[in-house]
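Q: I'd like to go through this model with you. Can you put it up?
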Amino acid sequence: MAAVQGSTTGRSLKHVAIREYVRSLVGDRAPGTPAPSERELVDRFGVARMTVRQALDALVGEGVLERHPGRGTFVAGPRRTPTGVRGLTDELALRGVVVETRTLVAESVPAGEAMAGAFRVHPEEPLVRWVRLRVGDGRPVCLSETYLPAAFAGDLLDHLPASLYDELAARGHRPTWAEDAVSAGLATDEEATLLEVPQGSPVLRLTRRALDGETVVEMSRSVLRGEDYTLHLQLRD
């Protein structure tokens with residue numbers, strides 16, 4: 001039994017040695033660069049192909065390498081994952097910004113023609129309207145106007161949450177996807193006063209339609225100080 005254990009340990013150490021050798025070899029290589037072949041590694045380390053494959057499998061699992069059937073194994077590019085649907089409070093918190101929310105208006109209003117179409121409800125259907133000023137590290141960064149269906153957010157007015165999306169998650173309606181439209185503009189007099197910027201300062205206007213599955217759960221319009229917002233896009237052919 002001891003001999004078997006020693007043999008297993010030896011293979012394990014070889015696997016680790018090969019894995020770390022390949023990791024160091026490809027660490028500064030550009031994505032798409034061919035990795036050492038299994039045959040090269042078998043010859044170099046004098047081990048079975050299965051041991052080499054185990055080492056390469058581990059690096060593929062970590063995202064260091066990637067396999068292309070019929071072509072070989074290559075240095076992987078950086079992994080890209082969706083950011084998820086986040087509210088502005090969560091977005092700023094990820095950047096280390098301490099966020100304070102100041103409620104300017106919180107009320108129940110009829111949907112009206114425009115919002116009725118967006119939420120697919122009758123124009124007289126009640127919606128929650130919530131206007132907030134977001135203050136980050138002591139200065140205004142965003143003015144937002146949010147509409148929510150009263151059908152599942154009506155009592156929200158009784159206890160306004162610190163994070164809207166956390167509250168929607170607790171109610172079983174956290175957005176699973178969203179459509180954002182961003183445009184540049186100039187601050188109106190009222191916006192400039194609330195955001196504490198000179199009148200006519202550049203701002204970014206963000207309109208969001210957020211859905212839980214196929215149900216629209218939020219429509220919002222936000223105005224952000226131009227210097228405080230960067231839009232990141234990942235594009236693929």
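A: Start with pLDDT, which is the predictor's confidence in each residue, from 0 to 100. This is a predicted model, where local features need pLDDT of at least 70 and side-chain atom pairs need 80 or more, while totals for chains, interfaces and linings use all residues. Residues are numbered from 1 along each chain as its sequence is written, and side-chain values use heavy atoms, with hydrogens and water left out.

Q: What is the mean pLDDT of the protein chain?
A: The mean is 83. Of its residues, 82% reach 70 or more.

Q: Which elements have the lowest and highest mean pLDDT?
A: Helix α4 (residues 88–94) is lowest, at 65. Helix α8 (residues 189–195) is highest, at 95. Elements are DSSP runs numbered from the N terminus: helices are H or I with at least four residues, strands are E with at least two.

Q: Where does pLDDT stay under 50?
A: Over residues 1–11. The model has one contact beyond four places in sequence for that stretch. Contact means heavy atoms within 4.5 Å.

Q: On to the sheet. What is the strand order?
A: The order is β3-β4-β5-β8-β7-β6. The sheet is open, has six strands and pairs antiparallel. Two strands pair if DSSP finds at least two bridges between them.

Q: Which strands are at the edges?
A: β3 (99–110) and β6 (177–186). Each pairs on one side only. The twist averages 15° from one strand to the next. Axes here are lines fitted to C-alpha atoms, for helices over the stretch in contact, and angles run from 0 to 180 degrees between N-to-C directions.

Q: How many bridges join β3 and β4?
A: Eleven, in the antiparallel sense. P110 stands opposite P126 in β4. β4 and β5 pair over ten bridges, also antiparallel. There, L127 stands opposite P149 in β5.

Q: Why is β4 called largely enclosed?
A: Nine of its eleven residues are buried, so the rest of the structure largely encloses β4. Buried means under 20% relative accessible area, exposed over 50%, and partly exposed in between, with a 1.4 Å probe and protein chains only.

Q: Which strands does helix α5 lie across?
A: Helix α5 (residues 112–119) lies across β3, β4 (126–136), β5 (139–149) and β8. It runs at about 120° to β8.

Q: And β7 with β8, how many bridges?
A: Ten, joining β7 (residues 202–212) to β8 (residues 215–225). In β8, V223 is the bridge partner of R205.

Q: What does G185 touch?
A: G185 contacts S201, P202, V203 and R205, leaving aside neighbours within four places in sequence. G185 sits in strand β6. The C-alpha atoms of G185 and V203 are 5.4 Å apart, at 18 residues along the chain. G185 is partly exposed, at 21% relative accessible area.

Q: Backbone next. What is phi of D137?
A: Near 50°, a positive value in a residue other than glycine. D137 belongs to the hairpin of β4 and β5, which has two residues between the strands. D137 is exposed, with 54% relative accessible area.

Q: Where does E196 lie?
A: In the loop between α8 and β7. E196 has a positive phi of about 60° and is not a glycine. E196 is exposed, at 55%.

Q: Now rings. How many aromatic pairs does the structure hold?
A: One. The Y21 and F45 rings have centres 5.5 Å apart and planes at 70°, so the pair is edge-to-face. Y21 is in helix α1 (residues 2–26) and F45 in helix α2 (residues 38–45), so the pair ties together parts 24 residues apart in sequence. For the cut-offs, rings of Phe, Tyr and Trp (its six-membered ring) pair if their centres lie within 6.5 Å; planes under 30 degrees apart are stacked, over 60 edge-to-face, the rest tilted.

Q: Is F45 buried or exposed?
A: F45 counts as buried, at 19% relative accessibility. Y21 is partly exposed, at 24%.

Q: Which charged end sits over the ring of F45?
A: That of R44, 6.0 Å from the ring centre. The charged end of R132 sits over the ring of W130, 4.0 Å from its centre. The test is NZ of Lys or CZ of Arg within 6 Å of the ring centre and within 35 degrees of the ring normal.

Q: Last one. What does E167 touch?
A: L156, H159 and P161, not counting residues up to four places away in sequence. E167 lies in helix α7 (residues 164–170). At 17% relative accessibility, E167 counts as buried.
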